[in-house]
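Colleague: Hello! I am new to this structure and would like to learn how to read it. Could we go through it together?

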Amino acid sequence: MASRDALRLPPPAAVRVLRQAPRPSRGLVVRAAAAIVAPKYTTLNPLADRVLVKIKSAEQKTTGGILLPSAAQSKPQGGEVVAIGEGRTVGDNKVEVSIQVGSQVVYSKYAGTEVELNDSNHLILKEDDIIGILETDDAKDMKPLSDRVLIKVAEAEDKTPGGLLLTETTKEKPSIGTVVAVGPGPLDEEGKRIPLSVSAGSTVLYSKYAGSEFKGSDGTSYIVLRVSDLMAVLS
């Protein structure tokens, strides 16, 4: 017969009760590293120079029609502007947000705060985190914003000087390209735009690891970077 000590239960303080977390209600969900807050709010009005973007869905298939698992789906960098702030003050002047509601935009990969609003994923971010406006599916049509430029990247060399063929992994990353489009320029201390020092058609040398890279519909490589990342104009 088992002893009483063997059947003795631990004191109540040692018993842990696991409770199922309540499901968040429909409305606003702010995603953070350690918490999910779900107050019952259904609208979000950005402040100052911030904008609210409804994120595009991630691609679920490759161009060849192969289904991608969730882990392999590329994180989208674009969406539709659904709300904008009232602007900000620069010097003595009020500067409105230059992006209109309804615009299709591309933004920096790690910018902003992701929120779930009415069962859709959104991103709230500063106007300066938006790279450009893209109303089509082709990167060559992007209109850069602020002090950014869109560059068509020069093709990498296929051979070494000795004639040895290079694979895609061994090709040296080019840092030369042709300017396709330029932004309106940064703001000065009075809130006025300063035109950029380069123009479309210029061949430029830029910092090797700067900017955001994109592929055109025909496979052409493009990069969007700030004018401060340009090192020289080539001729």
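Predicted model: local features only at pLDDT ≥ 70, side-chain atom pairs only at ≥ 80, totals over all residues.

Colleague: Which residue does the side chain of E190 meet in a salt bridge?

Modeller: For a salt bridge, look for a side-chain nitrogen of Lys or Arg within 4 Å of a carboxyl oxygen of Asp or Glu. Here the partner of E190 is K192, with N and O 3.9 Å apart.

Colleague: How many salt bridges does that rule give?

Modeller: The count is five. One of them links K140 and D141, whose closest N and O atoms are 3.2 Å apart. K140 is partly exposed at 41% relative accessible area, and D141 is partly exposed too, at 32%.

Colleague: What about R226 and D147: how are their side chains joined?

Modeller: They form a salt bridge as well, at 2.7 Å from N to O. R226 sits in strand β16 (residues 221-226), while D147 sits in the loop between β11 (143-144) and β12 (148-153), so this pair ties together parts that are 79 residues apart in sequence.

Colleague: And how accessible are R226 and D147?

Modeller: R226 has a relative accessible area of 24%, so R226 is partly exposed. D147 has 12% relative accessibility and therefore counts as buried. Salt bridges with shared partners also join D147 and R226 with D128 in one network.

Colleague: Let us turn to another spot. Where does S98 lie?

Modeller: S98 is in the loop between β6 (93-95) and β7 (104-107). Its relative accessibility is 40%, so S98 counts as partly exposed.

Colleague: Which residues does S98 touch, apart from those up to four places away in sequence?

Modeller: A contact here needs heavy atoms within 4.5 Å. On that basis S98 touches E127 and R193. With E127 there is also a polar contact, side chain to side chain, at 2.5 Å.

Colleague: How far apart are S98 and S146 in sequence and in space?

Modeller: They are 48 residues apart in sequence, and their C-alpha atoms are 9.5 Å apart in space.

Colleague: Is S103 buried or exposed?

Modeller: S103 also belongs to the loop between β6 and β7. Its relative accessibility is 10%, so S103 counts as buried. The side chain of S103 reaches the backbone oxygen of Q100 at 2.9 Å. Setting aside neighbours within four places in sequence, S103 is in contact with G79, E80, V81 and E135.

Colleague: Now for the whole chain: how many helices and strands does it have?

Modeller: To read the overall fold, start with such a tally: the protein chain has one helix and 17 strands. Then ask how far along the sequence its contacts reach. Among contacts between residues at least 6 apart in sequence, 61% join residues at least 24 apart.

Definitions and conventions
Residues numbered from 1 in each chain as written. Heavy atoms only, no water. Helix = DSSP H or I, 4+ residues; strand = E, 2+ residues; numbered from the N terminus. Buried < 20%, exposed > 50% of the residue type's maximum accessible area, 1.4 Å probe, protein only. Polar contact = N/O pair within 3.5 Å; in protein donor to acceptor, adjacent residues only side chain to side chain.
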